[in-house]
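Please keep the view open as you read.

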Amino acid sequence: MKIRFLLFIVLIVNISLISCGIEVEVEDVKGSRLEYLNSDSNKDSILVIDVRPYDKYKQGHLSHAINIPLNEIKNRLREITDWKDKPVYVYSETNDESFKAAEILVGNRFSQIYNAEGVNQYNYKTVTYNSVRGIVFEEMLKDSDALILDCRTKSFYDIGHIEGAISFPIFEIENNLDKIPDKNKKLLLYCNVGTASSRAAYELSNLGYTEIYNSIDGVAEYPFKLVREEEDKN
């Protein structure tokens with residue numbers, strides 16, 4: 001089923017009012033379709049937003065889905081403005097709930113909105129670590145109590161890494177667990193494109209770590225400030 005919104009933009013041109021009707025469609029999407037699209041290979045082609053309250057999101061959500069609760073969307077649009085002309089998928093407990101978020105996004109000129117079945121309507125495969133965009137992750141880096149983990153290979157780390165990060169390659173997790181003895185420590189994970197770090201986040205959550213944040217935008221996609229090893233030691 002396709003649900004249509006009609007937006008009217010009023011432009012003042014030479015003291016004349018010109019009404020221009022813009023029709024935006026919000027398409028209903030089956031949960032199976034969203035789950036198929038929510039893959040590592042599609043991560044940069046779609047943005048998935050879980051609009052439930054954070055406590056519900058933390059209990060389990062789609063792997064690359066960021067969390068912007070319905071009652072916070074209007075105040076957090078700056079986090080997603082670069083997706084106004086790209087596919088954005090929203091979901092909640094039910095698609096009636098996420099439809100409210102779709103209305104807000106359409107009202108703010110987002111042009112490709114898809115409303116998916118909710119977690120009470122489809123049995124999604126879920127994860128419990130947090131996924132955040134680069135713009136949010138960058139702010140989180142200011143937390144002096146957080147531990148920053150670079151999940152790329154050591155060679156990439158040596159070329160340039162986020163200041164204060166420790167090398168924590170995805171294929172060497174078990175050998176580096178001594179670097180993170182506190183399972184309640186706030187962990188900030190990143191890599192080149194957000195996929196290796198998401199796998200590391202998944203493994204760490206299975207090992208009992210409770211406060212994990214993965215940047216879905218890696219250093220090859222977001223302009224994080226990087227330093228070399230010798231600069232980090234100064």
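## An open parallel sheet

Five strands make up an open sheet with parallel pairing, in the order 7-12-11-8-10. Helices (H or I, at least four residues) and strands (E, at least two) are DSSP runs numbered from the N terminus, and two strands pair if DSSP finds at least two bridges between them. Strand 7 (130-132) and strand 10 (166-167) are at the edges with a single partner strand each, so one side of each lacks a neighbour in the sheet. Strand 8 (residues 147-150) pairs with strand 10 in the parallel sense over two bridges, and Leu149 has Ile166 in strand 10 as its bridge partner.

Helix 6 (residues 196-206) packs on this sheet, where it touches strand 8, strand 11 (186-190) and strand 12 (211-215). The direction of helix 6 makes about 170° with that of strand 12; axes are lines fitted to C-alpha atoms, for helices over the stretch in contact, and angles run from 0 to 180 degrees between N-to-C directions.

## How the model is read

This is a predicted model, in which local features need pLDDT of at least 70 and side-chain atom pairs count only at pLDDT 80 or more, while totals for chains, interfaces and linings use all residues. Residues are numbered from 1 along each chain as its sequence is written, and side-chain values use heavy atoms, with hydrogens and water left out.

The chain holds seven helices and 13 strands. Of its 234 residues, 47% are buried, where buried means under 20% relative accessible area, exposed over 50% and partly exposed in between (1.4 Å probe, protein chains only). Among contacts (heavy atoms within 4.5 Å) between residues at least 6 apart in sequence, 68% join residues at least 24 apart.

## Two helices and their buried residues

Which residues of helix 6 are buried? They are Ala196, Ser197, Ser198, Ala200, Ala201, Leu204 and Ser205, and what covers them includes strand 8, strand 11 and strand 12. Just after helix 6, Gly208 adopts a positive phi of about 100°.

Helix 3 (residues 95-107) has 13 residues, so at 1.5 Å a residue it should span 18 Å, in agreement with the 18 Å between its end C-alpha atoms. The expected span here is 1.5 Å times one less than the number of residues. Buried in helix 3 are Asn95, Ser98, Phe99, Ala101, Ala102, Ile104, Leu105 and Val106.

## A strand covered on both faces

In a regular strand the side chains alternate between the two faces of the sheet. Strand 5 (residues 88-91) is covered on both faces: Val88 and Val90 on one side, and Tyr89 and Tyr91 on the other, are all buried.

Strand 5 runs parallel to strand 3 (residues 47-50), joined by four bridges, and Val88 in strand 5 is the bridge partner of Leu47. Three bridges also join strand 5 to strand 6 (residues 113-116), again in parallel. Here Val90 stands opposite Asn115 in strand 6.

## Ser63 in its loop

Ser63 lies in the loop between helix 2 (54-59) and strand 4 (66-67). Is Ser63 buried or exposed? Its relative accessibility is 19%, so Ser63 counts as buried.

The side chain of Ser63 makes a polar contact of 3.2 Å with the side chain of Asn38. Such a contact is a pair of N or O atoms within 3.5 Å; within protein, one must be able to donate a hydrogen and the other to accept it, and residues adjacent in sequence count only if both atoms are side-chain atoms. Leaving aside neighbours within four places in sequence, Ser63 is in contact with Asn38, Val127, Tyr129 and Ser131.

## Aromatic pairs

A search of the whole structure turns up seven aromatic pairs. Rings of Phe, Tyr and Trp (its six-membered ring) pair if their centres lie within 6.5 Å, with planes under 30 degrees apart counted as stacked, over 60 as edge-to-face and the rest as tilted. Tyr54 and Tyr57 form a tilted pair, 6.1 Å centre to centre with 35° between the planes. Being three residues apart in helix 2, Tyr54 and Tyr57 are separated by about one helical turn. Tyr54 is partly exposed at 38% relative accessibility, whereas Tyr57 is buried at 1%.

Tyr122 and Tyr124 form an edge-to-face pair, 4.9 Å centre to centre with 70° between the planes. Tyr122 is partly exposed at 25% relative accessibility, and Tyr124 is buried at 7%. Ring pairs also link Phe137, Tyr190, Tyr222 and Phe224 into a cluster.
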